[in-house]
Every structure is written in C-alpha cells, then in structure tokens.
Amino acid sequence: MDEVITLAHGSGGVKSRELVEQLFLPAYANPYLNPLTDSAVLSVGETIAMTTDSYVVRPLFFPGGDIGRLAVSGTVNDLAVSGALPKFLSVGMILAAGLEISLLQRIVKSIADTAKEAGVQIVTGDTKVVEQNSADRIFINTAGIGVFPVGRSIPPQKIAVGDCIIASGFLACHGMAVMAERNHLGFQPAIESDVAPLAEMVQGVLQANGNSVHALRDPTRGGVAATLCEWVTADTDILLYEPELPVRPDVGAACKILGLDPLFIANEGVVLLAVAQSCVKDVIAALQRDAHGKHAVLIGEVRKGSGRVIAVTEFGSHRRILLPRGELLPRIC
C-alpha cells in the first residue's frame, strides 16, 4: 500500500478500491458491510433512532483518545441517551492528499476497536480525497442507527418538578485534554480525555429504572451548562449543588489556572440524567456498577420556577448559569 493518501485514492478507481479492500474492510468486516453494495440492508426493531455527527477535532490524537474513538463514541452516545440500543454505524471520511497511510491505519484501528467495545457494527461508509490544502488532514462523519427494546418505555426527555439531576462521572475532562494538547500547556501528568462509548452503562440504568428516567443527555459542546439551560422549562428552575460537582483534581487545577468554568467545558464520557426523586439511589447504584459511571453523583434538583439554572455555591450564595455564547473551545469534536 502507498505511504500517503493521493487524489487517486478518491477517484473511484483502482486506488480507491485498494483503500477499501486493504484498509477499511479488514478493520470493519461484518456480513452487512462485506458485500460492498451501495446500501446496507439491515434488520432492525419496530422503533429506531438515527443520528449523525461530524468530527474535525485538532489534534487528531490527544491523551485518552483520538478522532476515531471520538467519532464512534459520539454517535453511539447520542443514540444511547435517546434510550436506544446502538446497532449500526456508517463512517464517512474526507481525507486530504498527503495524509500518511500509517496515520490513517491508526485511526481506522481505533474506530474498529471502539465499535467493538460499543457493540456496534460499521455497515457502510464513504471516502473522499481532496487537495492537500482543502482540509485539515482528515474529517470523519458517522451516522448511527439504534433500536428501542420492545416493551421498554422511551424516555420523554422532559424534566419535571421534583426530579434530581445526576452526573455519571467527572466533568470537563475532554475539553481540557484537547485544549492542553493543542496549546502545548505541558501539564504533568497530561490531562486525559474521558471519551468513551457509554451505551452499556445507559442500558443498565434503563433496564432497571426506565420509567423513572425522565431525560438523558451527553453534555458535549457547551458542557453541563448548555444541557441544563436547554432542559429547563418556563415553569421550572434547576438548582445545582456546586460543591458536589465532580471535577478531577487535575482538571479543576487547570481550570483555575486558565480561568475556566468546568460547567462550560465539553465532555465526551459523561451522561446527565433527570430522574424521579424516589429512584435516585437506584440510578446512582446502577451507574456505579459500570466502569464509566463509578463516580456518579447527585448534582442538583428541579424546582418550580421561571426557567433559570442556578448554582448554589459552597457559601450558600446563588450564581445564575446562562446558555454559553460565542466560541468557547473550537474543534473539540
């Protein structure tokens, strides 16, 4: 195989075929993909969820992850928090001529490994090659399909007065990891991203407590602040217990040095849940049975109000949390 990507790899000819047969197919092989037809023919449940997202992160590799793991995890998690069981993915790539084949191989392996970890199959894909200066090395689009298990209710994705807000793990790890790596901040040890597929953890919660889980979201761009501001309704307030927010010591220290609020930093391995008060302990216990949820904790509550998100500080004072504006941290996913 060649050492770098050339425009010929996107021409639809021999080089394109070589790329598919020698790199993509061995990594992703399964009965749906192997025929290499124009569309994958799938058997799914009666109700499905479908989502898509594009990944343009820079740098391509960062402590704790890479663009390939991010592309699979992001789409799997979008399906998982809808209540669906992720089943199938498509992977589309835009490659810049000059991209090293060895680097592409590392990314493809990461995609394959993460898909296996998440229990999903890659059943279709596409590759385009553009001129060297037309893209930043590699962009990835993933689309996913998930099915809703028969007999299980679909989360309404609407909070209610009395709900409790739970975070499944430490906040702000991904955004700080990417920022530190991109800007060569030199933290020792390096801050690691939390990027991971969370479908198994979410399914465990829904199997045991499905009817009590009113809303789920993975707080990626905009962080926890954006998710809570989108959840709150005109007749509710969300109160956050600021001292209870789970922030890793290294991430918290980096945020203080840089003057950043962890509530606004992106996550890729965390789920927020709004659950009925009666099942809070059960949900936290279910989360903590999974390796990705062992730091799950109650962080807030929903009260009757007027559409505000308020952080209650360690001193008992109140801090209004608003929907973030502008460019917070470009290209974290």
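**Entry 1. Pocket**

I take a pocket to be an open set of points, on a 1 Å grid over the protein atoms alone, where a 1.4 Å probe fits and protein lies on both sides within 12 Å along at least five of seven lines; lining residues have an atom within 4 Å of a point. Grid points are joined across faces, edges and corners, and the volume is the space filled by probe spheres set on them.

I note that this is a predicted model, in which local features need pLDDT of at least 70, side-chain atom pairs count only at pLDDT 80 or more, and totals for chains, interfaces and linings use all residues. Residues are numbered from 1 along each chain as its sequence is written, and side-chain values use heavy atoms, with hydrogens and water left out.

The largest pocket holds about 620 Å³ of space. I counted 27 lining residues, of which Val20, Leu36, Gly125, Asp126 and Thr127 are the closest to its centre. Helix H1 (14-28), strand S4 (85-96) and strand S5 (121-130) each supply at least two residues of this lining; helices (H or I, at least four residues) and strands (E, at least two) are DSSP runs, numbered from the N terminus.

**Entry 2. Nonpolar cores**

I looked up the cores, each a set of buried Ala, Val, Leu, Ile, Met, Phe, Trp, Tyr and Cys residues joined through side-chain atoms within 4.5 Å. Buried means under 20% relative accessible area, exposed over 50%, and partly exposed in between (1.4 Å probe, protein chains only).

The largest core has 65 residues, and Tyr28, Met93, Leu104 and Leu273 have the most contacts inside it. Helix H3 (residues 101-118) gives the most to this core, with 9 residues. A second, separate core has 33 residues, including Met176, Met179, Val251 and Ile265.

**Entry 3. Salt bridges**

I found 14 salt bridges in the structure, each a side-chain nitrogen of Lys or Arg within 4 Å of a carboxyl oxygen of Asp or Glu.

Lysine 15 pairs with aspartate 2, the closest N and O atoms being 2.9 Å apart. This pair links distant parts of the chain, lysine 15 in helix H1 and aspartate 2 in the segment before H1. Asp2, Lys15 and Glu18 are linked in a network of salt bridges.

Lysine 109 and aspartate 113 also form a salt bridge, with closest N and O atoms 2.7 Å apart. They are separated by about one helical turn, because they lie 4 residues apart in helix H3.

Arginine 308 bridges to aspartate 237. Arginine 308 is partly exposed at 33% relative accessibility, whereas aspartate 237 is buried at 4%.
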